[in-house]
Amino acid sequence: MSGTGGPSCAIATVAHQNNALVLMDNTWAGPLYFRALERGVDLSIVSGTKYFGGHSDLMLGAVSANAATAKALKDYTGAAGLCVGPDDMNLGLRGLRTMGVRLARHHAAGLQVARWLAARPEVARVLHPALETDPGHAIWQRDFTGACGLFAIVLKPMPQAAANAFLNALTLFGIGASWGGYESLAVPFDVTAARTATRWAPGGPAIRFHIGLEDVSDLIADLERGFAAMAAAGK
(Lines give C-alpha, C1' and ligand atoms only; values in the text may rest on other atoms or scores of the structure.)
Protein backbone atom coordinates (compact mmCIF):
# COMPACT_ATOMS: atom_id res chain seq x y z
CA MET A 1 0.00 0.00 0.00
CA SER A 2 1.86 3.03 -1.23
CA GLY A 3 -0.46 5.86 -2.27
CA THR A 4 -0.01 8.82 0.10
CA GLY A 5 -1.77 11.70 -1.59
CA GLY A 6 -0.26 13.91 -4.23
CA PRO A 7 -1.19 16.25 -7.05
CA SER A 8 -4.71 16.59 -8.36
CA CYS A 9 -5.94 13.77 -10.56
CA ALA A 10 -6.36 14.48 -14.27
CA ILE A 11 -10.16 14.66 -14.19
CA ALA A 12 -10.07 17.24 -11.36
CA THR A 13 -7.49 19.32 -13.20
CA VAL A 14 -9.58 19.44 -16.39
CA ALA A 15 -12.76 20.15 -14.42
CA HIS A 16 -11.20 23.09 -12.60
CA GLN A 17 -9.76 24.47 -15.83
CA ASN A 18 -13.37 24.65 -17.04
CA ASN A 19 -14.74 26.16 -13.79
CA ALA A 20 -16.49 22.94 -12.76
CA LEU A 21 -16.61 21.50 -9.25
CA VAL A 22 -15.61 17.89 -8.62
CA LEU A 23 -17.83 15.72 -6.43
CA MET A 24 -16.81 12.17 -5.55
CA ASP A 25 -18.44 9.23 -3.82
CA ASN A 26 -15.53 8.10 -1.65
CA THR A 27 -17.39 5.36 0.23
CA TRP A 28 -15.37 2.42 -1.16
CA ALA A 29 -11.99 3.60 0.13
CA GLY A 30 -13.16 6.23 2.60
CA PRO A 31 -10.98 9.03 3.94
CA LEU A 32 -8.51 6.56 5.47
CA TYR A 33 -7.58 4.95 2.16
CA PHE A 34 -8.12 7.78 -0.32
CA ARG A 35 -7.36 11.44 0.46
CA ALA A 36 -9.95 12.87 -1.89
CA LEU A 37 -9.51 16.56 -1.14
CA GLU A 38 -5.74 16.28 -1.63
CA ARG A 39 -6.42 14.83 -5.09
CA GLY A 40 -8.43 17.82 -6.22
CA VAL A 41 -11.94 16.77 -5.18
CA ASP A 42 -14.07 19.70 -3.99
CA LEU A 43 -16.77 17.74 -2.19
CA SER A 44 -16.08 14.20 -0.95
CA ILE A 45 -19.24 12.22 -0.16
CA VAL A 46 -19.27 9.11 2.04
CA SER A 47 -22.11 6.81 3.01
CA GLY A 48 -21.51 6.68 6.74
CA THR A 49 -24.08 3.89 6.96
CA LYS A 50 -21.30 1.58 5.82
CA TYR A 51 -17.80 1.67 7.34
CA PHE A 52 -18.32 4.71 9.56
CA GLY A 53 -21.05 2.79 11.36
CA GLY A 54 -19.63 -0.66 10.78
CA HIS A 55 -22.43 -2.57 12.52
CA SER A 56 -25.32 -2.41 10.02
CA ASP A 57 -27.48 -0.44 12.45
CA LEU A 58 -27.08 3.16 11.30
CA MET A 59 -28.30 5.52 8.57
CA LEU A 60 -25.74 8.29 8.10
CA GLY A 61 -24.00 10.33 5.43
CA ALA A 62 -21.08 12.73 5.40
CA VAL A 63 -19.72 15.38 3.05
CA SER A 64 -16.23 16.86 3.36
CA ALA A 65 -15.48 20.16 1.64
CA ASN A 66 -12.33 22.01 0.67
CA ALA A 67 -11.77 25.72 1.26
CA ALA A 68 -13.48 26.67 -1.99
CA THR A 69 -16.75 24.90 -1.16
CA ALA A 70 -16.93 24.82 2.65
CA LYS A 71 -19.03 27.98 3.05
CA ALA A 72 -21.50 27.01 0.33
CA LEU A 73 -21.91 23.56 1.89
CA LYS A 74 -22.45 25.04 5.36
CA ASP A 75 -24.96 27.56 4.02
CA TYR A 76 -26.90 24.87 2.17
CA THR A 77 -27.09 22.43 5.08
CA GLY A 78 -28.30 25.25 7.31
CA ALA A 79 -30.91 26.46 4.82
CA ALA A 80 -32.15 22.93 4.19
CA GLY A 81 -32.35 22.13 7.88
CA LEU A 82 -30.17 19.05 7.55
CA CYS A 83 -28.98 17.49 10.78
CA VAL A 84 -28.21 14.12 12.31
CA GLY A 85 -30.10 12.83 15.32
CA PRO A 86 -28.21 12.36 18.59
CA ASP A 87 -28.56 8.58 18.62
CA ASP A 88 -27.17 8.35 15.08
CA MET A 89 -24.31 10.69 16.05
CA ASN A 90 -23.47 8.42 18.97
CA LEU A 91 -23.47 5.31 16.78
CA GLY A 92 -21.31 7.10 14.21
CA LEU A 93 -18.78 8.09 16.86
CA ARG A 94 -18.76 4.52 18.19
CA GLY A 95 -17.97 3.20 14.71
CA LEU A 96 -15.26 5.78 13.99
CA ARG A 97 -13.34 4.65 17.06
CA THR A 98 -12.76 1.20 15.54
CA MET A 99 -12.88 2.02 11.83
CA GLY A 100 -9.12 1.83 11.31
CA VAL A 101 -8.89 -1.63 12.86
CA ARG A 102 -11.96 -2.89 11.02
CA LEU A 103 -10.85 -1.57 7.62
CA ALA A 104 -7.45 -3.21 8.00
CA ARG A 105 -9.27 -6.51 8.58
CA HIS A 106 -11.64 -5.97 5.65
CA HIS A 107 -8.65 -5.14 3.42
CA ALA A 108 -6.67 -8.27 4.36
CA ALA A 109 -9.62 -10.67 4.39
CA GLY A 110 -11.03 -9.28 1.16
CA LEU A 111 -7.75 -9.78 -0.67
CA GLN A 112 -7.34 -13.29 0.71
CA VAL A 113 -10.79 -14.34 -0.48
CA ALA A 114 -10.34 -12.52 -3.82
CA ARG A 115 -7.08 -14.38 -4.50
CA TRP A 116 -8.75 -17.69 -3.60
CA LEU A 117 -11.63 -16.96 -5.96
CA ALA A 118 -9.21 -15.96 -8.75
CA ALA A 119 -7.79 -19.49 -8.64
CA ARG A 120 -11.18 -21.18 -8.98
CA PRO A 121 -11.90 -22.75 -12.39
CA GLU A 122 -15.48 -21.44 -12.35
CA VAL A 123 -14.34 -17.79 -12.14
CA ALA A 124 -13.49 -15.87 -15.31
CA ARG A 125 -12.39 -12.66 -13.60
CA VAL A 126 -12.14 -11.03 -10.19
CA LEU A 127 -12.90 -7.29 -10.15
CA HIS A 128 -10.66 -6.01 -7.35
CA PRO A 129 -8.18 -3.16 -8.00
CA ALA A 130 -5.82 -4.28 -5.24
CA LEU A 131 -5.14 -7.55 -7.08
CA GLU A 132 -1.90 -7.40 -9.01
CA THR A 133 -3.64 -8.84 -12.09
CA ASP A 134 -6.37 -6.18 -12.16
CA PRO A 135 -6.17 -3.70 -15.08
CA GLY A 136 -6.57 -0.81 -12.66
CA HIS A 137 -4.01 -2.01 -10.13
CA ALA A 138 -1.32 0.55 -11.02
CA ILE A 139 -3.74 3.44 -10.53
CA TRP A 140 -4.99 1.97 -7.25
CA GLN A 141 -1.42 1.51 -6.03
CA ARG A 142 -0.54 5.10 -6.99
CA ASP A 143 -3.53 6.82 -5.41
CA PHE A 144 -4.86 4.60 -2.59
CA THR A 145 -3.42 3.34 0.68
CA GLY A 146 -5.77 0.40 1.10
CA ALA A 147 -8.90 -1.41 -0.05
CA CYS A 148 -12.16 -2.33 1.61
CA GLY A 149 -13.98 -5.66 1.57
CA LEU A 150 -16.13 -4.93 -1.49
CA PHE A 151 -15.35 -6.53 -4.85
CA ALA A 152 -16.98 -8.65 -7.53
CA ILE A 153 -16.42 -11.71 -9.69
CA VAL A 154 -17.55 -12.68 -13.15
CA LEU A 155 -18.31 -16.37 -13.55
CA LYS A 156 -17.59 -18.31 -16.70
CA PRO A 157 -20.65 -18.78 -18.95
CA MET A 158 -23.19 -21.01 -17.23
CA PRO A 159 -26.95 -21.29 -16.74
CA GLN A 160 -28.32 -18.70 -14.34
CA ALA A 161 -29.77 -21.59 -12.35
CA ALA A 162 -26.24 -22.77 -11.55
CA ALA A 163 -25.22 -19.32 -10.32
CA ASN A 164 -28.41 -19.16 -8.25
CA ALA A 165 -27.63 -22.56 -6.72
CA PHE A 166 -24.24 -21.20 -5.65
CA LEU A 167 -25.84 -18.26 -3.86
CA ASN A 168 -28.63 -20.33 -2.30
CA ALA A 169 -26.10 -22.76 -0.79
CA LEU A 170 -24.18 -20.08 1.09
CA THR A 171 -24.86 -19.96 4.83
CA LEU A 172 -22.41 -17.30 6.09
CA PHE A 173 -22.97 -14.83 3.26
CA GLY A 174 -26.19 -12.87 3.51
CA ILE A 175 -27.92 -11.12 0.61
CA GLY A 176 -28.13 -7.36 1.00
CA ALA A 177 -27.84 -4.20 -1.06
CA SER A 178 -25.88 -2.26 1.54
CA TRP A 179 -22.44 -3.28 2.79
CA GLY A 180 -19.67 -2.10 5.10
CA GLY A 181 -20.91 -3.89 8.19
CA TYR A 182 -19.36 -6.78 10.09
CA GLU A 183 -21.12 -9.44 8.01
CA SER A 184 -20.21 -10.92 4.64
CA LEU A 185 -22.62 -10.51 1.73
CA ALA A 186 -23.06 -11.95 -1.76
CA VAL A 187 -25.52 -10.60 -4.31
CA PRO A 188 -25.95 -11.12 -8.08
CA PHE A 189 -25.91 -7.98 -10.20
CA ASP A 190 -26.33 -6.75 -13.75
CA VAL A 191 -25.52 -3.09 -14.47
CA THR A 192 -26.35 -3.18 -18.18
CA ALA A 193 -29.19 -0.69 -17.84
CA ALA A 194 -27.17 1.66 -15.63
CA ARG A 195 -24.07 1.92 -17.82
CA THR A 196 -23.88 4.92 -20.15
CA ALA A 197 -20.21 5.74 -20.80
CA THR A 198 -19.23 2.11 -21.33
CA ARG A 199 -20.94 -1.15 -22.21
CA TRP A 200 -21.34 -3.87 -19.59
CA ALA A 201 -20.72 -7.24 -21.23
CA PRO A 202 -19.04 -9.46 -18.63
CA GLY A 203 -19.57 -12.75 -20.49
CA GLY A 204 -21.10 -14.59 -17.56
CA PRO A 205 -23.10 -14.13 -14.35
CA ALA A 206 -21.65 -11.51 -11.99
CA ILE A 207 -21.68 -11.60 -8.18
CA ARG A 208 -20.74 -8.80 -5.80
CA PHE A 209 -19.14 -9.77 -2.49
CA HIS A 210 -18.55 -7.91 0.71
CA ILE A 211 -16.07 -9.69 2.95
CA GLY A 212 -16.90 -9.04 6.57
CA LEU A 213 -15.11 -9.77 9.82
CA GLU A 214 -15.74 -13.52 10.01
CA ASP A 215 -12.90 -16.03 9.98
CA VAL A 216 -11.58 -16.29 6.42
CA SER A 217 -11.28 -20.07 6.54
CA ASP A 218 -14.97 -20.30 7.43
CA LEU A 219 -15.89 -18.02 4.54
CA ILE A 220 -13.83 -20.05 2.08
CA ALA A 221 -15.44 -23.27 3.32
CA ASP A 222 -18.84 -21.68 2.73
CA LEU A 223 -17.83 -20.66 -0.80
CA GLU A 224 -16.66 -24.21 -1.47
CA ARG A 225 -20.14 -25.45 -0.53
CA GLY A 226 -21.56 -22.92 -2.95
CA PHE A 227 -19.35 -24.10 -5.79
CA ALA A 228 -20.32 -27.72 -5.06
CA ALA A 229 -23.98 -26.77 -5.35
CA MET A 230 -23.21 -24.92 -8.59
CA ALA A 231 -21.58 -28.02 -10.06
CA ALA A 232 -24.54 -30.20 -9.05
CA ALA A 233 -27.03 -27.75 -10.60
CA GLY A 234 -25.09 -27.63 -13.83
CA LYS A 235 -25.22 -31.37 -14.43
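In which loop is Ser-56 found? Ser-56 lies in the loop between E2 and E3, where helices (H or I, at least four residues) and strands (E, at least two) are DSSP runs numbered from the N terminus. The model is a predicted one, in which local features need pLDDT of at least 70 and side-chain atom pairs count only at pLDDT 80 or more, while totals for chains, interfaces and linings use all residues. Residues are numbered from 1 along each chain as its sequence is written, and side-chain values use heavy atoms, with hydrogens and water left out.

Although Ser-56 is not a glycine, its phi is positive, at about 60°. With a relative accessibility of 47%, Ser-56 counts as partly exposed, the classes being buried for under 20% relative accessible area, exposed for over 50% and partly exposed in between (1.4 Å probe, protein chains only). A positive phi of about 60° is also found at Asn-19, which is not a glycine; this residue belongs to the loop between H1 and E1 and, at 75% relative accessibility, counts as exposed.

Leu-23 is placed in strand E1 and is exposed, with a relative accessible area of 52%. Leaving aside neighbours within four places in sequence, Leu-23 is in contact (heavy atoms within 4.5 Å) with Leu-43 and Ile-45.

The largest nonpolar core has 49 residues, and those with the most contacts inside it are Leu-117, Phe-151, Ile-153, Phe-166, Phe-209 and Leu-223. Such a core is a set of buried Ala, Val, Leu, Ile, Met, Phe, Trp, Tyr and Cys residues joined through side-chain atoms within 4.5 Å. The elements that give two or more residues to this core include helix H1 (10-17), helix H4 (86-118), strand E5 (150-155) and helix H7 (216-233), and H4 gives the most, with eight residues.

Strand E5 is mostly covered, six of its six residues being buried. Both of its faces are covered, with Leu-150, Ala-152 and Val-154 buried on one side and Phe-151, Ile-153 and Leu-155 buried on the other. E5 pairs with E4 in the antiparallel sense over four bridges, in which Ala-152 of E5 is the bridge partner of Leu-127. Five bridges join E5 to E7, again antiparallel, and Ile-153 stands opposite Ile-207 in E7. Apart from residues up to four places away in sequence, Ile-153 touches Leu-117, Val-123, Arg-125, Val-126, Pro-205, Ala-206, Ile-207 and Phe-209.

Helix H3 (residues 70-80), by contrast, is hardly covered, the count of buried residues among its 11 residues being zero. Just after H3, Gly-81 takes a positive phi of about 70°.

Arg-102, placed in helix H4, counts as buried at 7% relative accessibility. Leaving aside neighbours within four places in sequence, Arg-102 is in contact with Tyr-51, Phe-52, Gly-53, Gly-54, Gly-95 and Leu-213. The C-alpha atoms of Arg-102 and Gly-212 are separated by 9.1 Å, the two residues being 110 residues apart along the chain.

How values were computed: Pairing = 2+ DSSP bridges.
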